[in-house]
Amino acid sequence: MSEDPRQLRAGYLSGHLSRRELLRYAALLGLSGPALTAFLSACGSSSSTVGATAPAIGTTVTTPPAKGTVARVNWGLFYEPPGLDWIYCYNYEENTVVANITESLMRLTPQFTIEPSLAESFSEPDPLTKVYRIRQGVKFSDGSPMTVQDVVFSLRRNLDPASYWNFAYVNVKSIDQSGQAEVTIKMKQPDEVFHPLMSTPAGGVGKASYVQAKGKSYGTPQVGALGTGPFVFQSWAQGTSIVLARNANYWDTAHAAKVGQIHFSFIPEESTMTTALLSGGIDGAYHTPYSGLSKLHASSAGKLYLGKSMIFTEIIVAGPSGPLADHKLRTALLLSIDRQALAKSVYNNGATALKNTVIPLAEWGYGQAQAKAAWAKLAPPKVDLTQAKQLVDQAGAQAKAPMTIATRASFQRYIDIATIVQASASQIGLSVHIKPIAPNDYGDLFFSSKARAGIDMFISENYADIPEPLEIVYPAVVPAQQYNYNNYNNPKVTSDLTQAIRQTSDPRRAALILDAQAVMANDLAALPLANPAVPLFLNKRITGAPASFCYLYYPWARDIGSSGQ
Amino acid sequence: VRVISFAASRLAGLAVTLLLTSFVVYGALYLAPGNPIAILTGGRPVSQRTITAIQAEYGLNKPFVFSYLNWLEKVIGGNFGKSIVFRENVSTLITARVGTTAFLVAYAALLIIIFGVVLGVVSALRKGPADTAILAGTTVGIATPSFVAAIMMISVFTLGLHWFPAIGAGTGFADRLWHLTMPSAALALAGTAYVARLTRAAANEELAREHVDTARSRGIPEPLVVQRHVLRNALIPVTTVAGLTVAGLIAGSVVVENAFAVNGLGSYLVTSVEQKDFPVVQAITLLLVAAFVLVNSVVDVLYALIDPRVRLTGASR
């Protein structure tokens, strides 16, 4: 679901060289034929050996601590953020930047725990009341103190449906100041997903008077953003760069920034980003192109980390009818797909295979021991064509009907996955048709049943914002929820998850979710594929940045400094 | 008087072209699938209420004719509106990029004209190894798409020799020149080769003409023969082709701007089309069309200057 604009571009390049008849010698830009062939052959040899020094995939959370200060760091983003107003920051790069400017009540740590940030403490006197004690002595980067009024104003901005974080507030009844340094949130119904979301921009705090004065221009290139974070917005040259400078007034003095200035450049082309990192033109980037991982890993210019991540790749069953409504065919299809080979080939050794759950083990911010034990009990992601064929035979006439998988045109990873699904399905006698969808239209599959008409399944690479599996699972498998496209309904799962979302005790909530997970592993409401890691590249002169997926919401740039080299 | 009527008719033609273009582009973008919501929210799920709110805020639910006329009315009043994605004035967004693309295209045009003509003339006048080498080189040049040239240049000059930076457009004249050398060269490669070929052919043709033989037989020194009788005549077709090639660079800049992460109009146009950012797409398209028409008009004027037989007429060729 996360749309990588860098991927969208290639498709548009072709045909842009049109000149007059006289000059018709323009090049044909295409990657379908040969690229696919190369890809398929790579699939065959996907068990190729990984060097002994290959980075660990998806377990790293930090990099060696910084040793000193650095005047300037150049950072690469794979697209230009549309704005820096935190309530509209809802995708990779805008969050990557704004995380260093606007902080939230809570903080998502590199280890995927939730710790106090602008809130000093949190309590829940009853399941419908959440109380945040606001930290005193925090200043905005302009030197003015952060007040409880700023907090109330900022949280209330999300009650407007125009806020992209509005979904976090669906169960909120009121937000009010309840003491000199205290904010109380009353809920319409218990919701344990709300509190962890306070570590995302849903819990972001800006300066009320400033945001009001700027109105709709707050967060735009000309105005920028103002927050309490370790960095201050300095300038934004439209299309070229965003510059942040060290915040001298930062309240968390123990973690004050060691970098004087951080310059963000926007580099949508995958090969250009890889080259810029290799040449040292760019010092670092998160989510570097998977296509360049082997080059970056081999480079002496710096170090590649494959960090712990909450990203998951799955095949979503698009509707309640069609061949995939048959549990046997869903199971057979998943049994035919080599998930381990897929993780290696599609993500260039930058992902691990998922077992029969869309919740990566890495996503558990609490109840890790329970989750680990439950994960061990799940069947390994193995291919079993014999069993798959038996299931297809048992399915009877349904299995003869061709199926359609939607893929986003010009997005190579999705095209690769669709090709693998098609090839795997044909091995067990199922026929899958690939339907490319215009990049802009692909997002509609998630919202509109009309867009899903005639489609049996579609590919999604999504991420959880917070280490709370309910955020992703609940809306996808509970009946009548927004993302339950195939009307999945298992009373046991529904009962477990509806209890879980009200359960304040972490171990008990984990137990309920894991019970549901065990049932869903057999039901397969969706087909889980992979847990892509976060590729992070750091030039040898810098170090300290967290390596995990926390960088979307954690003020990561404050940890960067000189490596001493 | 002739010049005034030429200019007036060209301006009228430009206005009509722009109006038609704006309608066609607006309509095409309107009919194309998708919407800016997917970009605004990163394609990640948001609540239905949020989607409705975004649609209302950006007028995405209005019928085509209504929104087109609404846009047209504003543009005639000199207001290109605000970008849907950046919530910023379109004029600001474009001003930030137009200089870079102009620099890139002018630089590439200069390379094409200088190297194209020089190589072509050398090739025509110096038979033997030089001619063969230039012929071979231009064959490769014509066949090399600019994105391939870009990749090769980056691996040689950035990763290998560390001469030029891989990304960015630079600030200030010298820095810009340094940053945009590789992009311009990549952009100019095919055009240079083409112009060189054409110059060679045209010069060869002139060299074989009777008036050249006559001039030589009258004892006019060879450099003067080449300069007055060969080059001047050969330049007529070269000017036309070079002019069109340069006009084509404006569209071709998209590819190199992306390859070198240069912040120009071309790459921004592509991004805006993806994002369905109507006001931006409209403004850039109109600007490019205007630039194209302008360059062609300049070529027509040059044509008249080089070849006295050509008269400026109202009708475009």
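How many helices and strands are there in chain B?

## Chain B at a glance

Chain B has 12 helices and 0 strands, counting DSSP runs numbered from the N terminus, with at least four residues (H or I) for a helix and at least two (E) for a strand. This is a predicted model, where local features need pLDDT of at least 70, side-chain atom pairs count only at pLDDT 80 or more, and totals for chains, interfaces and linings use all residues. Residues are numbered from 1 along each chain as its sequence is written, chains are lettered from A and ligands numbered from 1 in the order written, and side-chain values use heavy atoms, leaving out hydrogens and water.

Along the principal axes, the C-alpha atoms of chain B fill a box of roughly 85 × 55 × 35 Å. Of its 317 residues, 52% count as buried; buried means under 20% relative accessible area, exposed over 50%, and partly exposed in between (1.4 Å probe, protein chains only).

Let's visit helix α5 of chain B, which covers residues 90–125 and includes V122(B). V122(B) counts as partly exposed because its relative accessibility is 33%.

## Looking for disulfides

Over all chains, the count of disulfides is 0, where a disulfide is a pair of cysteine sulfur atoms within 2.5 Å. C89(A) is buried, with a relative accessible area of 0%, and C550(A) is buried with a value of 0%.
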